[in-house]
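User: I would like to go through this structure with you. Could we begin with the core and then turn to the helices?

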Amino acid sequence: MTDKPVPTPSEDTTRFWDACNDGRFVVQRCTDCGHERFYPAAACPNCWHTASEEVELDGSGTVESFTVVHRAPTEAFEGETPYVVALVAMGADVTVMANVLAEPADVSVGDPVELIWEERGDQQLYQFELAE
Amino acid sequence: MGSTQRVAVTGIGESPIGKTPDMDSINLYANACLEAVDDAGLEKADIDGLVTGYSLVDPKLMHSTVVADYLGLNLTYNESLRLGGATPFVGVCHAANAVRQGQCENVVVAFGDNRRTGFSKGDDGVSSLATEVGHPEFENPFGPLVPSMYALIAQKHMATYGTTAEELATVAVACREHASMRGAGQHTEPIDVDDVLSSGLISSPLHKLECALISDCAGAVVVSSADAAEETRAPVELTGYGEGHGSEYIHRRDDLLETPAAASGTTAFEMADRTPDDVDVAQLYDCFTITPLLLLEDLGFCEKGESGSFVRERGITIDGELPVNTHGGELSYAGAGVFHILEAARQIRGDAAETQVDADLALAHGVGGVLSTNATLLMEAW
């Protein structure tokens, strides 16, 4: 049984993953056009301005779409099926992929969700659960 | 010179398909290239351009040059392209541009791989493909399959427009009906909607029979200048082509239901001075059943959100309003989009046998990534 993949931070993303380990989900807000970008990158994908400020998102989101995976992509996920992979909108500009840790039948497009943390190796990984 | 010069698809060829354990990736490429050049009525010395894709099984730094070396070709145009399933479609666009600029006369565009049998034991290709498509840091840790990426789009389409599982399944049934009529391809036994919906969920809402086949196969086409085409056996005019390229990763999409097919289609139709209403037969990339639905919308065959009712009421079999994937597509014929291009040419030539349509204008559309990169081709009689 192999372990589920742990993200390997790059020069662009180390700051983000370090913040996750402090329990904070942060994105870069462009100091020129105000676009909030995710994933972390050296330039704004909206205007190419390179300066940014760090902002912490509050962890609330909405299920933009989801799928229930019935066949594991790799051995590491075989014990997990069926599980929910979702696209979660966390703000006007930021959508992330993550698992919604819930009964698959309870998940619908448009559901409000809340960020929770999963310990994956030495890395805190952002995940979601259905909001109360 | 310039974009007014006519350009032709002059030859089509394909390797054996399915499981070909005695042929590796380069064998398959070479086989399809030889078939296409022979089909055109051309010879080795006539070929001065080559565009190839890549191989996941046997990666090469300079893939097209390796194929050229294998075939002993001397070229004035040489390109290795790596745009997923859109590769041969974009390859035809680039070949047409090169021909129109006078850089070459006859370009072979080839794409294939031995993904069915070429991977090591225990890997049927699915795992290798899965890690090729998702973002390594921001998607793959959450365990998506390649089908999951398209399933996210399908689920959104269902939630937004009320598209049903039955309508999605109808795409797979239509492709199978065509493969069955032709009696060619990897899967020819007829299926119905219930068969699709009971084939087991892979990544909801997509079932096993809604996912493209994984095949050993290669296909090739020859793209020729107007002068060179006059010397060939059965040229077909490439009257329009266009490309559209968007985001690679699905979590970066501004709108899950908008694709770059709108841009590639608009460019192709404007070049050909045609409209979607003029299209008699469409070969639409069908990696999953949701893909042709979005393409029907974004290429202008129906309004946004109406593709489900289009396949149900207006019809995409050869008896329907717009026959789609008359060879069986990736869902039934073989798991590579290059055969969509071959089939468009066959329809214009009148060589499509049991699924021949009365076709003046044929469309072929390819998709790479997660509806990330798109190309549209339009073909008419020479």
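User: Which residues is B:Leu377 in contact with, leaving aside its neighbours within four places in sequence?

Analyst: They are B:Phe89, B:Val92, B:Leu238, B:Tyr241, B:Ala268, B:Ile341, B:Ala344, B:Leu363 and B:Ala364; contact means that the C-beta atoms, placed from the backbone, lie within 7 Å. This is a predicted model, in which local features need pLDDT of at least 70 and side-chain atom pairs count only at pLDDT 80 or more, while totals for chains, interfaces and linings use all residues. Residues are numbered from 1 along each chain as its sequence is written, and chains are lettered from A and ligands numbered from 1 in the order in which they are written.

User: Which residues touch the most other members of the largest nonpolar core?

Analyst: Among the 148 residues of that core, they are B:Val92, B:Val107, B:Val108, B:Val221, B:Val223 and B:Leu377. A nonpolar core is a set of buried Ala, Val, Leu, Ile, Met, Phe, Trp, Tyr and Cys residues joined through C-beta atoms within 7 Å. Buried means that 20 or more other C-beta atoms lie within 10 Å of the residue's own.

User: What covers them?

Analyst: The cover includes helices H5, H6, H9 and H11 and strands S9 and S10 of chain B. Just after H10(B), B:Gly300 takes a positive phi of about 95 degrees.

User: And what does H1(B) pack against?

Analyst: Its buried residues pack against strands S1, S2, S4 and S7 and helix H2 of chain B.

Note on methods: Buried ≥ 20, exposed ≤ 12 C-beta atoms within 10 Å, placed from the backbone. Contact = placed C-beta atoms within 7 Å. Helix = DSSP H or I, 4+ residues; strand = E, 2+ residues; numbered from the N terminus.
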